[in-house]
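Here's a quick walk through a model, from its charged side chains to its pocket. Have the viewer open and follow along.

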Amino acid sequence: YAYSHRIADIMASPPVIVATRSTLSEVISVMTDRRISSVFVSDDAAPDRDVGAYGILTERDVMRRIARDGAAALGRGVGEIATRSLASIREGAFVY
């Protein structure tokens, strides 16, 4: 994949955005239904904001939170789990 594919080749478009108040259980359903491994998280779930308005929740974040908190994690809002301060890259950049 390195240097033979571009970011646009491997990303979902448009990105899926969920509200911070969505429960982890709800977001897991979205991720599995859409067959995606991450979602963006924002207060209003609106698209086309500056990258600083979003957090990201990945499959790894989900697994770690469930491993730590058990079933109780499923009812928690994803806003408290999402990683904040994202960096972005242009979709035409090569995958490395």
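## Salt bridges, a patch and a pocket

R65 is buried, with 13% relative accessibility (buried means under 20% relative accessible area, exposed over 50%, partly exposed in between, using a 1.4 Å probe and protein chains only). Before going further, a word on the ground rules: this is a predicted model, where local features need pLDDT of at least 70 and side-chain atom pairs count only at pLDDT 80 or more, while totals for chains, interfaces and linings use all residues. Residues are numbered from 1 along each chain as its sequence is written, and side-chain values use heavy atoms, with hydrogens and water left out.

Back to R65, which sits in helix α3 (residues 59-69). Helices here are DSSP runs (H or I, at least four residues), as are strands (E, at least two), numbered from the N terminus. Leaving aside residues up to four places away in sequence, R65 touches L24, G70, A73, E80 and I81; a contact means heavy atoms within 4.5 Å.

| Pair | Closest N to O distance |
|---|---|
| R49 and D44 | 2.4 Å |
| D69 and R68 | 3.0 Å |

R68, at 58% relative accessibility, counts as exposed. In the other pair, R49 is partly exposed at 43%, and D44 is partly exposed with a relative accessible area of 43%.

Now for the nonpolar side of things. Y3, F94 and Y96 make up a surface patch with about 440 Å² of accessible area together. Patches are built from residues with over 30% relative accessible area and no salt bridge, joining nonpolar side chains (Val, Leu, Ile, Met, Phe, Trp, Tyr) within 5 Å and like charges within 9 Å. The areas come from the Shrake-Rupley method with a 1.4 Å probe, and for residues only the protein chains shown count as cover. F94 is in the segment after β4 (83-84), and counts as partly exposed at 38% relative accessibility.

What is the volume of the largest pocket? About 970 Å³. Of its 26 lining residues, M11, A12, P15, F40 and I89 are the closest to its centre. The elements giving two or more residues to that lining are α1 (7-10) and β2 (38-42), and β2 gives the most, with three residues. For the record, a pocket is an open set of points on a 1 Å grid over the protein atoms alone, where a 1.4 Å probe fits and there is protein on both sides within 12 Å along at least five of seven lines; lining residues have an atom within 4 Å of a point. Points are joined across faces, edges and corners, and the volume is the space filled by probe spheres set on them.

A45 isn't a glycine, yet has a positive phi of about 60°; A45 sits in the loop between β2 and β3 (55-58) and is partly exposed at 26%. S85, another residue other than glycine, has a phi near 70°. S85 lies in the segment after β4 and is exposed, with a relative accessible area of 72%.

Key. Salt bridge = Lys/Arg side-chain N within 4 Å of Asp/Glu carboxyl O.
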